[in-house]
Amino acid sequence: MKKVTKAIIPAAGLGTRFLPITKAVPKPMLSVIDKPTIQFICEELASSGIADIVIVVSPGSEVIKNHFSPAPELENRLLSDKKSKLYDVAMETLKYNVNFVVQETANGLAGAILCAEPYINGEPFALLLGDELIYAGEGDKPCIKRLIEIYESTGKSVIATMEVFGDDVSKYGNIGIKDETEDGVMTIERIVEKPSINEALSNNAIIGRYVMDGKVMDMLKTLTVRNNEIYFTDALDTLAANGEILASNFDGIRYDVGDKFGYVKANLEYALRSEELKDQTKELIKELYEKI
């Protein structure tokens with residue numbers, strides 16, 4: 001069975017929900033406390049044994065490239081000022097083997113994946129969307145690690161899923177489940193994109209973590225373009241019809257940092273976990289509660 005050693009992070013979206021800041025700052029560079037969301041995603045990959053990362057960016061996204069590149073002036077200044085802890089923080093961004101590819105045409109997630117094809121070279125790959133963070137606490141297995149283990153034991157593509165209810169059903173890709181094993185691995189029989197509540201196949205939503213067999217690249221090339229976009233869900237549904245894709249729940253807490261309230265929630269809860277900030281944050285919450 002092939003090992004999963006590569007990952008794709010699509011980061012070429014316009015981030016229109018966060019205008020005006022995303023006019024100048026790519027959405028994956030918006031920070032939770034003091035760290036951009038895309039670095040959290042790289043950390044999830046590193047903790048799961050993934051060494052090679054391809055980040056798909058839009059034209060002119062030098063900010064993301066700069067973040068993962070050396071900054072000699074800053075590094076030398078930190079060393080000369082004997083700020084060794086801050087130097088180590090700055091150097092953390094250099095430990096990832098990152099390649100960049102530009103998505104010249106805004107043709108959706110499938111188009112972004114195809115841009116990374118030369119780096120994947122037919123091998124299985126992890127796919128992590130840049131606007132979702134999954135916090136793994138003590139004793140939790142990183143989400144992408146769980147999916148990698150399932151792929152490497154079954155040889156089938158696998159996606160992460162969570163339960164949603166009410167109006168939230170229509171916000172996500174939705175999966176129909178054929179069966180489920182004792183350890184929570186589900187066989188998918190059908191996938192639909194953002195259905196109405198009446199059209200939903202289940203309460204299982206697709207979230208932004210996948211491990212895909214390399215053959216999906218050839219499938220993406222055959223898809224029909226609709227509304228100037230190649231829909232990744234179309235390929236997933238074909239895999240489902242052939243019994244070639246699985247789903248799994250995950251440990252930890254998911255944050256939709258592409259949503260304004262989700263972004264605020266992530267900053268607040270990460271601050272509560274911070275040794276530096278947790279006491280001040282608790283006091284702030286108490287003060288705000290008294291004012292409500």
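Me: In which strand is Gly173 found?

Reply: Helices (H or I, at least four residues) and strands (E, at least two) are DSSP runs, numbered from the N terminus. Here, Gly173 is found in strand E9, which covers residues 173–180. Please note that this is a predicted model, in which local features need pLDDT of at least 70 and side-chain atom pairs count only at pLDDT 80 or more, while totals for chains, interfaces and linings use all residues. Residues are numbered from 1 along each chain as its sequence is written, and side-chain values use heavy atoms, with hydrogens and water left out.

Me: Is Gly173 buried or exposed?

Reply: Buried means under 20% relative accessible area, exposed means over 50%, and partly exposed lies in between (1.4 Å probe, protein chains only). Gly173 has a relative accessible area of 10%, so this residue is buried.

Me: With which residues is Gly173 in contact, leaving aside its neighbours within four places in sequence?

Reply: Contact means heavy atoms within 4.5 Å. On that basis Gly173 touches Val192, Glu193 and Lys194, and also Asn204, Ala205 and Ile206. As for Gly243, its C-alpha is 18 Å from that of Gly173, and the two residues are 70 apart in sequence.

Me: How many salt bridges does the structure hold?

Reply: A salt bridge is a side-chain nitrogen of Lys or Arg within 4 Å of a carboxyl oxygen of Asp or Glu. The structure holds 18 of them. One joins the side chains of Glu117 and Lys221, at 2.7 Å from N to O. Because Glu117 lies in helix H6 (residues 117–120) and Lys221 in helix H8 (residues 216–221), this pair ties together parts that are 104 residues apart in sequence. Glu117 is partly exposed at 25% relative accessibility, and Lys221 is partly exposed at 48%.

Me: Which residue forms a salt bridge with Arg254?

Reply: The partner is Glu132, with the closest N and O atoms 2.8 Å apart. This pair links distant parts of the chain, 122 residues apart: Glu132 is in strand E7 (residues 132–135) and Arg254 in strand E13 (residues 253–256). Both Glu132 and Arg254 are buried.

Me: Where do Lys286 and Glu283 lie?

Reply: Both are in helix H11, three residues apart, which is about one turn of the helix. Lys286 is partly exposed at 48% relative accessibility, as is Glu283 at 42%. Ile285 is also found in helix H11, which spans residues 278–291, and is partly exposed, with a relative accessible area of 34%.
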